[in-house]
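This report describes a two-chain protein model.

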Amino acid sequence: MALKKVKGNIERMFDKNLTDLVRGIRNNKENEAKYISECMEDIKQELRQDNLSVKSNAIAKLTYLQMLGYDISWAGFNIIEVMSSSKFTLKRIGYLAASQSFHCDSELLMLTTNMIRKELNSQNQYEAGLALTSLSCYISTDLARDLANDILTLLSSTKPYIRKKAVLMMYKVFLKYPEALRPAFPRLKEKLEDPDPGVQSAAVNVVCELARKNPKNYLSLAPVFFKLMTTSTNNWMLIKIIKLFGALTPLEPRLGKKLIEPLTNLIHSTSAMSLLYECINTVIAVLISISSGMPNHAASIQLCVQKLRILIEDSDQNLKYLGLLAMSKILKTHPKSVQAHKDLILQCLEDKDESIRLRALDLLYGMVSKKNLMEIVKKLMVHMDKAEGTVYRDELLSKIILICSQNNYQFITNFEWYITVLVELAQMEFGSKQGHVIGAQLMDVCIRVPAIRQFAVTEMAQLLDVYTSTSQFTIMQEVLYAAAWLCGEFIADLKNPEQTLQSMLKYKALPQHIESVFIQNILKVLAHVLEIYEAKEQYDEMCALCDQVIDKMNDSIKSGELEVQERASNTLIIMKILQEEITAGKNHQSMRIMDSDDPLDTKPSETIVAEFLSLFNGELNPVAPKAQKKVPIPEGLDLDAQIYDEPVEESDSDSEPDSRENLFIKTDRLRSGNTIVYQPEPTEEEIKKSREARKQEQLNNPHYLKSDSIDSNTSANTENVDGVPVAELALSVPLKTFGEKRSDKYLAMNTDTKKSKKKSKKKKKYKSESSSDENADVGPVIEIKRGMELPEGATLSDSESDHDKKDDLHKALDIDLTSNTVPNDYGMPDVPTGVEHLGGSVGNDVKKEKSHSKKKSKGDKEKSAKKNDKSKKALKEPKEDNLLGLDSDAEKQQADKKPKKTKKEKKDKKKAKDKETYYNHPYCRCDHKS
Amino acid sequence: MIKAILVFNNHGKPRLSKFYQHFPEDMQQQIIKETFQLVSKRDDNVCNFLEGGSLIGGSDYKLIYRHYATLYFVFCVDSSESELGILDLIQVFVETLDKCFENVCELDLIFHVDKVHYILNELVMGGMVLETNMTEILTRIEEQNKMEKQEAGIAAAPARAVSAMKNMNIPQQIKDMKLPDLPQAIKDLKF
């Protein structure tokens with residue numbers, strides 16, 4: 001027996017240990033995989049032996065291989081074996097391997113329950129600590145349920161080391177087994193006032209994590225935290241507490257008021273940058289939650305912004321980053337105070353650090369005004385040229401568009417400039433999604449700003465022209481989509497439609513959705529061109545055009561894409577009809593020339609071109625995002641009725657719904673928006689009528705701008721735009737010089753016009769505009785359509801959010817902890833959770849309580865709940881305002897004591913600093929500059 | 001919460017990986033790779049925060065890292081952690097390593113990854129900060145090491161001797177020794 005042991009030991013000596021493994025891997029860089037597979041074989045051999053220390057050696061090696069990406073779950077049972085060793089050294093190896101490779105779905109975990117329980121109750125604090133640490137990585141629902149009680153007992157261990165770990169462990173237990181939260185909560189609360197700072201800070205940590213997801217349940221703890229905040233000197237804990245308050249204040253404005261003062265004190269006194277930063281963050285949160293009624297409201301915001309400026313100006317990039325991050329929070333509610341630091345933010349845009357530039361970009365949104373928009377966008381365009389990496393470029397692009405389009409293009413005074421910018425952007429390289437953004441923006445601007453259409457369409461035609469004529473010219477294809485659509489839709493504004501038609505006909509391989517848009521819009525342009533020719537009676541040219549289109553369509557009809565095919569064949573049919581009519585017209589004309597004395601003759605083909613044009617009648621307006629859903633089903637339309645009778649049945653009217661009808665319901669419902677599909681094509685008259693009707697509805701609908709006002713405005717504004725000399729100058733010259741920054745010229749001109757305006761003001765004394773806003777005199781007011789089309793009677797509501805994803809894990813932890821009807825599963829006494837001394841901290845407690853108690857089935861529990869209600873009601877009223885549970889007298893006393901205390905505290909702090917190492921590190925400690 | 005703690009070198013070789021949320025091994029490797037690519041292309045004089053790791057977390061998550069000589073220490077955390085606090089925690093971690101290994105260098109982490117894990121376990125537990133006081137951390141580590149030593153006692157002596165021998169690469173020399181002569185010699189002995 002002894003011999004065997006000795007033999008085992010000697011064998012062991014020559015086993016590879018972890019160091020050998022690492023060294024071996026390093027020495028076999030060429031064939032690492034082969035070497036490791038050899039080692040795996042060795043390890044499997046070792047795991048088959050009885051000797052636990054051999055096994056643990058193997059497991060240690062496996063843990064290393066796990067880090068390199070090898071799956072070691074097959075050794076799970078061996079890991080458990082090693083975990084069960086009586087030696088701490090071996091146990092440690094086992095528990096480490098477990099924490100690295102087990103997860104909460106491992107089936108093996110069942111085997112560990114009793115072992116871990118034994119370990120938790122071990123006399124040695126390190127063994128229990130080891131088990132806790134490891135368990136925290138893979139605790140499952142079963143383990144949480146079975147071990148909750150044991151861990152809870154550890155909360156009252158005599159050793160702070162164990163208490164600390166047990167407190168943190170409780171959070172993991174709650175996550176997996178939410179039922180444990182209610183009974184354990186009072187104990188957890190006690191730990192907030194544990195004598196050991198480590199335990200205290202762990203408890204704060206846990207409550208913060210809990211409160212972050214379900215803050216309202218933890219409002220009752222505010223007094224405890226407030227006390228901690230004013231007394232503690234542990235910066236790590238203070239940070240957590242202050243973060244927690246940031247989450248609580250939106251729910252309880254009174255808390256915010258209470259907090260402002262101590263927080264500002266901290267901001268003034270602390271030298272730890274991290275604490276300062278979190279204080280500022282929470283003050284911001286408080287100020288956001290308190291809308292009004294704060295006397296020194298402006299002062300606090302000023303203080304924050306000032307401190308943030310110091311952070312941003314710091315040479316430490318980390319502080320700069322965080323400063324900008326916090327600024328963006330202020331920006332939402334107090335844009336004015338941030339705008340004062342515009343210089344600084346623009347400076348940050350030049351920073352070499354991408355993270356900082358991105359943060360500064362976020363802030364730019366609030367920095368723009370009518371005056372500086374062009375300038376800022378120009379800067380961004382320069383960045384765009386310099387920027388490497390698509391992430392930053394994409395971000396720049398989306399920010400440019402966001403800045404310009406905010407509030408319905410509120411800050412844009414010169415839309416020609418904007419269109420030029422967009423066209424320039426279209427010629428740069430971006431990620432694949434960005435073309436769509438630019439295209440959508442171009443369409444949006446043109447639809448909403450009638451005055452710019454002519455210019456925009458000319459630009460678009462130019463784009464199409466250049467795209468089809470040259471091959472080197474790069475442009476995003478998604479922009480071509482917009483270009484084709486705009487040219488088709490607003491063809492009337494185009495000077496040379498035929499040329500555009502020609503360039504559109506030259507389209508090359510395009511994605512299918514763009515190709516179909518091309519086909520559709522070629523038709524629109526063609527209709528317009530035909531109309532012109534017809535007026536001149538040039539039938540030959542008309543025929544030639546039709547032939548061209550037919551040729552192109554014959555190509556497209558071969559496309560593999562269904563959509564393109566369908567549109568092409570549609571177009572072909574239409575073209576054939578047209579051609580027939582045109583040749584008829586041509587014959588008629590030649591007849592007419594022959595006997596020219598027939599004055600009563602009418603042109604027969606007029607009808608056909610006019611009809612063709614009428615296909616594209618009607619203006620398209622922007623549609624509200626949820627409009628489709630809100631279209632009511634018109635009366636008399638039965639979506640369940642069949643629209644197609646099966647050929648077997650001869651009857652053509654009101655057949656009974658088929659048994660297979662549910663096959664169709666879904667698609668029908670989807671299409672409920674464009675019910676026109678099922679109606680016969682409306683005639684000219686009908687269209688007119690319906691348009692009248694729609695106008696009438698629009699008049700009554702508050703979401704529309706009144707139509708007549710639109711008309712008057714547009715006419716006025718087109719004049720206005722034309723009246724600016726800049727616009728006309730810009731049109732003729734620079735159009736054909738692509739690749740240069742045409743948009744810059746607008747900037748120069750903008751300053752020119754400003755100057756000239758100022759001059760003219762002095763000389764001629766224009767009617768000065770009444771508004772004193774600095775934005776008012778910068779350029780003409782251009783009418784922008786703000787409305788969005790919605791079906792009658794429907795209104796936009798935010799309530800229908802499409803997706804309401806929430807963390808399911810934490811939803812389960814949304815437990816009302818203030819009630820004390822604790823199901824007594826854990827043999828713990830019903831401890832009231834201190835609702836009494838909290839006063840009216842949670843106003844609607846009573847209601848909650850009632851609804852809660854209803855759920856409880858057991859009668860005695862209900863009774864106790866009701867009793868509690870009564871006592872609370874009695875207490876609630878007098879203490880309404882006393883949120884933090886401090887009696888007003890006590891508060892005064894405290895306030896009196898404070899100055900003395902603080903002096904003492906300061907002395908204590910200094911001593912503490914010497915002793916403790918809490919403050920040993922740059923950000924958390926003190927002056928990080930030193 | 002801290003979601004993951006990664007240590008890798010300038011070439012992206014993992015030196016320590018600790019995930020507080022379960023990912024399969026191949027996913028872990030991808031995360032390390034992605035994180036390395038994100039972090040390594042940044043200059044040393046830019047800020048230590050990084051958004052945009054797509055594999056881990058989501059919008060709420062940030063990468064907070066420090067670069068020491070040949071090693072990157074990366075913490076992936078959510079918004080409940082203070083950014084500057086985590087930077088200090090990394091500092092505490094590294095200083096503790098430095099104390100435990102006496103002038104820590106990459107080689108220490110390579111050969112003693114298990115010890116690094118034990119040290120880390122005294123700082124962070126289950127994704128939550130456990131202790132930030134370095135003296136406290138050091139005493140705990142010290143006491144546990146003492147326990148190991150006691151257990152090892154005399155039994156460990158031969159093992160230590162062996163490992164010393166291994167360092168001299170004796171097994172290889174033993175293998176290289178030419179032994180086949182011996183049986184022949186025995187045969188040759190004539191009785």
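Helices (H or I, at least four residues) and strands (E, at least two) are DSSP runs, numbered from the N terminus. On that basis, chain A has 42 helices and zero strands. The model is predicted: local features need pLDDT of at least 70 and side-chain atom pairs count only at pLDDT 80 or more, while totals for chains, interfaces and linings use all residues. Residues are numbered from 1 along each chain as its sequence is written, chains are lettered from A in the order in which they are written, and side-chain values use heavy atoms, with hydrogens and water left out.

Of the 930 residues in chain A, 49% are buried, where buried means under 20% relative accessible area, exposed over 50%, and partly exposed in between (1.4 Å probe, protein chains only). Contact means heavy atoms within 4.5 Å. Among contacts in chain A with a separation of 6 or more, 72% join residues 24 or more positions apart.

A nonpolar core is a set of buried Ala, Val, Leu, Ile, Met, Phe, Trp, Tyr and Cys residues joined through side-chain atoms within 4.5 Å. The largest has 277 residues, and those with the most contacts inside it include Tyr138(A), Phe225(A) and Ile2(B). Helix α29 (residues 512–536) of chain A gives the most to this core, with 12 residues. Domain 1 (13–101) and domain 2 (425–589) of chain A both contribute residues, so the core lies between them; the domain bounds come from an automatic or database domain assignment. Another core, of 18 residues, lies apart from it and has Ala4(B), Leu6(B), Phe36(B) and Leu50(B) among its members.

Helix α29 of chain A also holds His528(A). His528(A) counts as buried because its relative accessibility is 15%. Beyond its neighbours within four places in sequence, His528(A) is in contact with Ile491(A), Ala492(A), Pro497(A) and Leu613(A).

The two chains meet as summarised below. Buried area is the accessible area (1.4 Å probe) that two parts lose on being put together, summed over both. A salt bridge is a side-chain nitrogen of Lys or Arg within 4 Å of a carboxyl oxygen of Asp or Glu.

| Interface of chain A and chain B | Value |
|---|---|
| Residues in contact | 73 residues of chain A, 68 residues of chain B |
| Area buried | about 6600 Å² |
| Carbon and sulfur atoms' part of the area buried | 56% |
| Salt bridges | seven |

Met67(A), Arg92(A) and Tyr126(A) supply 11% of the area that chain A buries against chain B, more than any other three residues. The side chains of Lys164(A) and Glu136(B) form a salt bridge (3.7 Å, N to O).
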